[in-house]
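Please look over the sequence and the structure before reading on.

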Amino acid sequence: MSLKVTNLSFGYDKKRRILSDISLEIPQGEILGILGPNGTGKTTFIKCLNNIHTPDVGAVSYNGQCITDLRQKEIAKIIAYVPQYINNVFTMNVMDTVMMGRLPYTVKDYSQQDEEIVFSVIKKMHLEQFAFRNIKEISGGERQRVFVARALAQQPKIIILDEPTSSLDLYNQLFILHTLTKLAKKNNITIIMTIHDLNLASMFCDKILMLKDTHIFAYGTPESIITAENIYAMYKVKTEITAPEHYKHIRLLKNLS
C-alpha cells in the first residue's frame, strides 16, 4: 500500500501557480518530512493530499484508488489531518474533542469500543489529567497533544500534520514526535508533516521532500538530502553539518553572506 501523487499541479488562480508537476510515492509506514521556505506551497501540498484542495492537474491515490472519488467519511478512515493553527475551537472538554476522531465510524452513538480507543489514546498522549478540562483552558502544547490524539483516535492509515512542533517547548516537540513515530512504526501508519526544524527532520524522518519554486527541489533520505549545499540553495543561509549520533545535526552560521 502507498500514497501516490502523480503530476500534481495547483494554483489558487490561473496567474499564480503554487505547485507544478509534483510526483512521488510514499510507502505505507514511512515518515516523510516536507521542507521549504515560507510560501513554498508546503501547506497547499498537504491539503491537496487530503482533498481539502482539488488539484488542477494530476491525481492523489491511495492503494490505487483516487482520493477525489471517495466520500469525506471514507477519506477520514484513511487520512487524519492536524492543521497548523486551531484557534477557533468549540467549548468542549478534552475527552469529547478526542472522541470526535471516532465520527467516521459512528452511525448514531459512540460504542464501547469507541470509548476504549479514546481512553487508550488519551493515555498514550499523557492527557489523563486534562480529560475533563475545557480545551480552551489548557496550554498550546497540551492542546496540540489533544489534536494529535484526535487524529490517532481516527485509526487512520495516514496522519498529515502541518508544522506539528511550531510554538511548542522542547519537551512537547520531542514528546509529540517520539510518540507519533513510535506508534507509526508499531501500527504501520504513514506520517507526513511539514516542518521547519531541520534537526528534528533529520532525527525523525525516513524521507525528506524539499519544495522550491513550485517544484520538487530534492527528495530522498535525510542523509542524502540534508546537505549544506541544499540548505543554502533553499534558504540562503550557511550551515555546518555533523553526524554525531547517526543522524545529521545542523548548526547555523551567523554570517549570511
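Is Lys 186 buried or exposed? Lys 186 is exposed, at a relative accessible area of 66%. The model discussed here is a predicted one.

Lys 186 lies in helix H6. On the surface, Lys 186 gathers with Lys 123, Lys 124 and Lys 182 in a patch of positive charge. Helices H4 and H6 are the elements that give two or more residues to this patch.

## Salt bridges

Side chains of opposite charge can pair when their charged atoms come close. Six salt bridges are present in the structure. Among them is the pair of Lys 207 and Glu 30, whose closest N and O atoms are 3.3 Å apart. Lys 207 is partly exposed, with a relative accessible area of 22%, whereas Glu 30 has a relative accessibility of 10% and counts as buried, because the cut-off for buried is under 20%.

Arg 102 forms another of the salt bridges, with Asp 114, and here the closest N and O atoms are 2.9 Å apart. The partners are 12 residues apart and link distant parts of the chain: Arg 102 is in the loop between helix H3 (94–99) and helix H4 (112–124), and Asp 114 is in helix H4. Both Arg 102 and Asp 114 are buried.

A salt bridge also joins the side chains of Lys 185 and Asp 206, at 2.7 Å from N to O. Lys 185 is in helix H6 (residues 170–187), and Asp 206 is in the loop between helix H7 (198–204) and strand E9. The two are 21 residues apart, and the pair links distant parts of the chain. Asp 206 is partly exposed, with a relative accessible area of 29%.

## Cysteines

How many disulfides does a search of the whole structure find? The search finds zero. For Cys 66, the closest cysteine sulfur is that of Cys 48, and the distance of 12 Å is too far for a bond. A disulfide would need the two sulfur atoms within 2.5 Å.

Cys 66 counts as partly exposed, at 22% relative accessibility. Cys 205, at 7% relative accessibility, counts as buried.

Conventions: Residues numbered from 1 in each chain as written. Predicted model: local features only at pLDDT ≥ 70, side-chain atom pairs only at ≥ 80, totals over all residues. Heavy atoms only, no water. Salt bridge = Lys/Arg side-chain N within 4 Å of Asp/Glu carboxyl O. Buried < 20%, exposed > 50% of the residue type's maximum accessible area, 1.4 Å probe, protein only. Helix = DSSP H or I, 4+ residues; strand = E, 2+ residues; numbered from the N terminus. Patch = residues over 30% accessible without salt bridge, like charges linked within 9 Å, V, L, I, M, F, W, Y side chains within 5 Å. Areas by Shrake-Rupley, 256 points an atom, 1.4 Å probe, with all protein chains shown as cover. Lys, Arg positive; Asp, Glu negative; His and termini not counted. Charge placed at Lys NZ, Arg CZ, Asp CG, Glu CD.
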